[in-house]
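Dear colleague,

Please find below the structure that I promised to hand over.

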Amino acid sequence: EPDRVPKHIRPSPALAENLREAIGTDDIDGHFGLEIRFVALDGLGEPPDVGPYLGDIPEGAVVGPWGTVSARGSFYHFARQIAPMRDFTDRSELDDYPFPVFSPDLDVMRSRAAKIQSSGLTAVSSYINGPYEQACGLRGQAEFLVDLASNERFAAELLDRITGLKCQMARAQVEAGVDVVWIGDDLGMQERLVFSPETWRRFIKPCLERITSAIRDASDDVLIAYHSCGHVEPVVGELADAGVQVLESVQPEANDVARLKQEHGDRLGFWGTVGDQSVLPYGTPDDVREQVRFRMETVGKGGGLMIAPAHVVEPEVPVENVLAFFEAVEEYGEY
């Protein structure tokens, strides 16, 4: 147990603007005393030319370093994703695709991590999405799920190529000196996994094990945090077996959070647990305080909790509920 339960929040851009106005400063992290800061990862190079795969892209769309395209949506910060491999039919097409060449400036990254740590804060790597998420971005989620079921050699080769790059990225964060490497894959829907546990074990878990092994080869000390939205209870123990030490986002609408603590709290810490599908947008400030209190008594007991909303806090969440979250952490967060 530390002296207090640490805390975190990731507000959406619109909510962040409302928060800044309410608290009278642009420094949201500093104002609320958040204990972690993120170390940006660069080195993936310039975006490739995706014209041969997609033709003309929408005006204002942004091409990422993997060739995935993010087009402007119609609601707040949400965007429409366009997958450059959506028309691929054979794994031989992967040979000509312009995958990123990773070449980070480790000196710059080390200075970013050291600046955070010199302030007494914890340096966490910026999120490194996993091979499954990246494959969905490249191929399209529906298309890649079909690949897993009926085009297995293509799916396995795409995951293999992605995983090699993800290992390089994770190792670079370790070499930069971060305290926590934050990786993940969105494995869950609201009440079940996206795919069967058997499919996860066959295709996705080996990729995770390669990445955690790459991290461990670089350091025995760094913590490995793993993000997944949705219902993940069927594989949480196996995530720990694969080297995960912190589970994030621990979505309470989709998981029995107290049971996860009871069954896996000896091996896993938990980051999240406060409902941003439920209590934060639709509850009262008192409802928010009560959920924070309950999380402290259950998941926080004995240590191993960084309390936070279970994902990005969306624009419709009242500022009063965000303030109530931090007030409750201050009131109930002492050990």
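Strand 6 (residues 128–129) and strand 7 run parallel and are joined by two bridges, where strands are DSSP runs of E with at least two residues, helices are runs of H or I with at least four, both are numbered from the N terminus, and two strands pair if DSSP finds at least two bridges between them. Within this pairing, Asn129 stands opposite Gly184 of strand 7.

This is a predicted model, in which local features need pLDDT of at least 70 and side-chain atom pairs count only at pLDDT 80 or more, while totals for chains, interfaces and linings use all residues. Residues are numbered from 1 along each chain as its sequence is written, and side-chain values use heavy atoms, with hydrogens and water left out.

Strand 7 is also joined to strand 8 (residues 223–227), by five bridges and again in parallel, and Val181 has Ile224 of strand 8 as its bridge partner. Between strand 7 and strand 8 the chain passes through helix 8 (residues 197–218) in a right-handed β-α-β crossover, meaning that, with the strands pointing away from the viewer, the path from the first strand over the helix to the second runs clockwise.

Because five of the five residues of strand 7 (residues 180–184) are buried, this strand is largely enclosed by the rest of the structure; buried means under 20% relative accessible area, with exposed over 50% and partly exposed in between (1.4 Å probe, protein chains only). Val180, Trp182 and Gly184 lie on one side, Val181 and Ile183 on the other.

As for the cysteines, the structure holds zero disulfides, a disulfide being a pair of cysteine sulfur atoms within 2.5 Å. Cys207 has its nearest cysteine sulfur, that of Cys167, 8.7 Å away.

With kind regards
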